[in-house]
Amino acid sequence: MKVLAIESSCDDTSFAVVNDDKKVDFHETINHRKFHREHGGVVPEMVARQHLDIMDHLSKFQKKINFANIDAIASTYGPGLIGGLIVGSSFAKGLALSHQKRIIPINHLQAHLLSPRLVSQLSFPYLCLLVSGGNTALVLVKSARKFITLGSTIDDSAGECFDKVAKAMQLGYPGGPIIEKLALDGDPTTFNLPQPLLKVKDCNFSFSGLKTSAIQVIKKNKLQKKFLKNFSASFQFTVGEIFLNKINNAFAELKRKKIKIRDFSICGGVAANQYVNGLLKDFIEDKGIAYHQVPMAYCTDNAAMIGWNAIEILKSSKNKFNNYNVRPSPNTLIHENF
Ligand code: KG4
């Protein structure tokens, strides 16, 4: 099976051709970051225009594709910014109609959660920490179509917290990679930041209190290199501790429910963070569970994971799945299937 995939839910326009043997024939992601940096963040209307321009440019890549070999066309239908979702899914439908291919609408969050299986052998059910710009959740992945959210953020996402804290330090967008780089030379014990919901023994996260406290500390300090490094290290350390604490609660919950898992992974943009990966890997492996790190190109938004999700759906439906009638849906939840 071979799927042509399109991703356009936020500020990356991405195309890929993915095979059922996990081979990725083609993968190109164009991010709009340089453009959005001028505005200090993502402006929804401008996102749609950027996708439109890039889609036009990338449509030239069609010439490289032998459509006779393509089984289906997949694209993100939600969640995300409606402008981008409309551009990508309309483009996918146009291609599908003109080449008489099936449409596989993809839930962007489920694609993140299944992305580790594109590169590693994870068996269902496995535990996955989804940490992106829009979401933070601990999810039990039971199959390609069944996801159980053990807990999620009650306010901001971890990625948003990285971005807002970086913005307060005037570091630019996206904040995560910049904070990670500065933290390499900083002392994580310099600032003691709050870990919201620490005492609550569930799997829910909260990042707005950490964000507000962090911004207050930043406002009281001069933005000199030493401060930026030490503060970045302290902030990143705090986020890591929050993750550890909540993953620990998830393991306790799985134990109570007598659910055994052999594999763990972390996905979404924040999963690109090497400090977080190192911290979690030691913790997870200590528990006798395999830790699977997703390569950078598949952590942030990308079409390869959309194509792989479509392959998983096709495999579980004996290559029969098709859904032309679905509409883009900006508020799609993790467990919702199209
Ligand atoms: O998954 P993603 O590309 O977009 C969404 O679907 O939301 O995630 C983007 C988020 C941004 O908030 C960005 O700051 C964060 O991922 N991010 C990182 C790193 N690289 C990207 N956060 C921490 N450390 C990183 N190295």
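1. Let me start with a side-chain pair: T13 and H51 touch through a polar contact of 2.8 Å. A second one, at 2.9 Å, links the side chains of T13 and H32. (A polar contact here is a pair of N or O atoms within 3.5 Å; within protein, one must be able to donate a hydrogen and the other to accept it, and residues adjacent in sequence count only if both atoms are side-chain atoms.)

2. Ground rules before going on. This is a predicted model, where local features need pLDDT of at least 70 and side-chain atom pairs count only at pLDDT 80 or more, while totals for chains, interfaces and linings use all residues. Numbering runs from 1 along each chain as its sequence is written, and side-chain values use heavy atoms, with hydrogens and water left out.

3. Back to T13. This residue sits in strand β2, residues 12-19; helices (H or I, at least four residues) and strands (E, at least two) are DSSP runs, numbered from the N terminus. T13 has a relative accessible area of 0%, so it counts as buried (buried is under 20%, exposed over 50%, partly exposed in between, with a 1.4 Å probe and protein chains only). Beyond its neighbours within four places in sequence, T13 has contacts that include E7, T29, I30, I54 and M55, where contact means heavy atoms within 4.5 Å.

4. Strand β2 belongs to an open, five-stranded sheet with mixed pairing, in the order β3-β2-β1-β4-β5. At the edges are β3 (24-31) and β5 (102-107); each has a single partner strand, so one side of each has no neighbour in the sheet. From one strand to the next, the twist averages 20°. Two strands pair if DSSP finds at least two bridges between them; β2 and β3 have seven, in the antiparallel sense. Within that pair, V18 is opposite V24 in β3.

5. Which helices lie across this sheet? Helix α3 (residues 82-99) lies across β1 (2-7), β2, β4 (72-78) and β5, at about 160° to β4. Helix α12 (residues 303-316) lies across β1, β2, β3, β4 and β5, at about 135° to β1. For these angles, axes are lines fitted to C-alpha atoms, for helices over the stretch in contact, and values run from 0 to 180 degrees between N-to-C directions.

6. There's a second open sheet, again of five strands with mixed pairing, ordered β8-β7-β6-β9-β10. Its edge strands, β8 (147-152) and β10 (290-292), each pair on one side only. Here too the strand-to-strand twist averages 20°. Strands β6 (residues 126-131) and β7 (residues 136-141) run antiparallel and are joined by six bridges, with L130 opposite A137 in β7. Helix α9 (residues 225-256) lies across β6, β7, β8 and β9 (263-267), at about 150° to β6.

7. Now the ligand. It is surrounded by 21 residues, the closest being G133, D163, E180, G269 and D301 (the cut-off is one heavy atom within 4 Å). Helices α4 (108-114), α6 (158-168) and α7 (175-183) each supply at least two residues of this shell, and α7 gives the most, with four.

8. Some ligand distances to check: a backbone N or O atom of G159 is 3.1 Å from a ligand oxygen, and a backbone N or O atom of G176 is also 3.1 Å from a ligand oxygen. A side-chain N or O atom of N273 lies 3.1 Å from a ligand nitrogen. The ligand taken alone exposes 560 Å², of which the protein buries 91%; areas come from the Shrake-Rupley method with a 1.4 Å probe.
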